[in-house]
Amino acid sequence: MSSRREPIETGLTSSVVYPSGLFSLEKDEVYPYERFAYNVLDAGVYGLHLRGLPESISVDFTRVLPGCSPWSINASVSVNQDSDGRPLSFTLSTPEFAPAIFYMFAAIIISDFFDDDSFVAFKDDPRKLGERIQHFIDGASAGVRAYRDKGLAHAIRAGYEHLDLSILDLQNYADGFDLLTKQIAYHEVAHAYIRQFMRDQDTSSTQGRAFELIADLVATEWLYNVMVRNTPDTEEYREFRGLDTYADTILTNSLMSIRSQQAGLILSAISGAQRTKGPLSLTGSKSHPPALQRYQLQHIHLYTLIASNFSDVLPEENLALVGQDWSERMDMLVRSGVIPLHDLEDSLDLLHCDTIETAADLIEEHNVPELRRTVEYLRATRENLARVLQKRNR
Ligand SMILES: [Zn+2]
């Protein structure tokens, strides 16, 4: 039995625009850009083909995004349309320095967050996570200073040097980086996949926020497919992973996927601080739902997919372990201040609760195949929140 997924032939045309300075650098310094582009195109091949969209996508790391600096933690997708508004091609961009920043984050934060021994140290003293976050920010800031003086290639080198990253580290940090950028890349491709461009002209801010939730849920589904559902049930794969049974590989891949969403939440808090030039923040805005609300819906979707599709593979104690691993890490994130307590309240804002209902409506209207099963759940969540709010305001 083959352990590889089915190849598909599509008419996809793609291009990647790299900043030219990259090619004066070493393999581990170029890797974040290459892997990020791969994750975009990998999702693009499947997604655009499946939805009958034009199979043309480019990744551009050299654009200046509106309202962003070259080191903003961000990504965006844009569509080129013909005069009748039909889509012709898609372009996914990140600020120039962002992929390298994602790699530094993977090296300093994700590797510790994933590692059981380091996590115990965080649990015993949550301030240690704050220290690691500060260390990461110092490395990125060293890069930003070099960027201002001499440009991107020097920025990447300076950031890596500050954090003491060498080519020998690449194999240790590649998985965490890959998982993080899959989420970011899939989210952006999902904006095209759900055909959000059809309503760009008249999209209200509630609809705009709802589309963010929908893109998150599609990205979660794709992460689950790649990481858990398509886990090969072969000796060859188990040997490659150093695990004994199929259940072990499902458990390990489930834990990694769930932890990678939590790592994404930490990055959101840092990007909130970058945006507001203040402390770590998960608050929302008119255009974006609160990061905590986004995270909660993604987590529930991922956990539901695992629990409902693999209950016959994972023994009950393994599912309990997945739940326990998740709650210990959430607890630590609250105690360390990564999840500010007042941001928990923000998720209960009436404005943001309405977004959930609009998301359910838009999933039906845009006929997003993966998410049909989530509509009912989203409506129930909205109703539960309405009851909580009513009680509180009485
Ligand atoms: Zn988005």
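A crossing of two helices is called left-handed if the near helix is turned anticlockwise from the far one by less than a right angle, and right-handed if clockwise. The views below come from a predicted model, in which local features need pLDDT of at least 70, side-chain atom pairs count only at pLDDT 80 or more, and totals for chains, interfaces and linings use all residues. Residues are numbered from 1 along each chain as its sequence is written.

**View A. Helices α1 and α6 cross in a right-handed manner.** The axes of α1 (residues 27-50) and α6 (residues 170-193) come within 8 Å and cross at roughly 40 degrees, where axes are lines fitted to C-alpha atoms, for helices over the stretch in contact, and angles run from 0 to 180 degrees between N-to-C directions. Helices are DSSP runs (H or I, at least four residues) numbered from the N terminus.

**View B. Glycine 284 lies in the loop between α9 (246-276) and α10 (291-309).** Glycine 284 counts as buried because it has 23 C-beta neighbours inside 10 Å, the threshold being 20 or more other C-beta atoms within 10 Å of its own, with C-beta atoms placed from the backbone. Not counting residues up to four places away in sequence, glycine 284 touches Pro289, Pro290, Gln293, Asp346 and His352. Serine 347 is 63 residues from glycine 284 in sequence, yet their C-alpha atoms are 8.3 Å apart in space.

Technical notes:
Helices (H or I, at least four residues) and strands (E, at least two) are DSSP runs, numbered from the N terminus. A residue is buried if 20 or more other C-beta atoms lie within 10 Å of its own, exposed if 12 or fewer, and partly exposed in between; C-beta atoms are placed from the backbone. Two residues are in contact if their C-beta atoms, placed from the backbone, lie within 7 Å.
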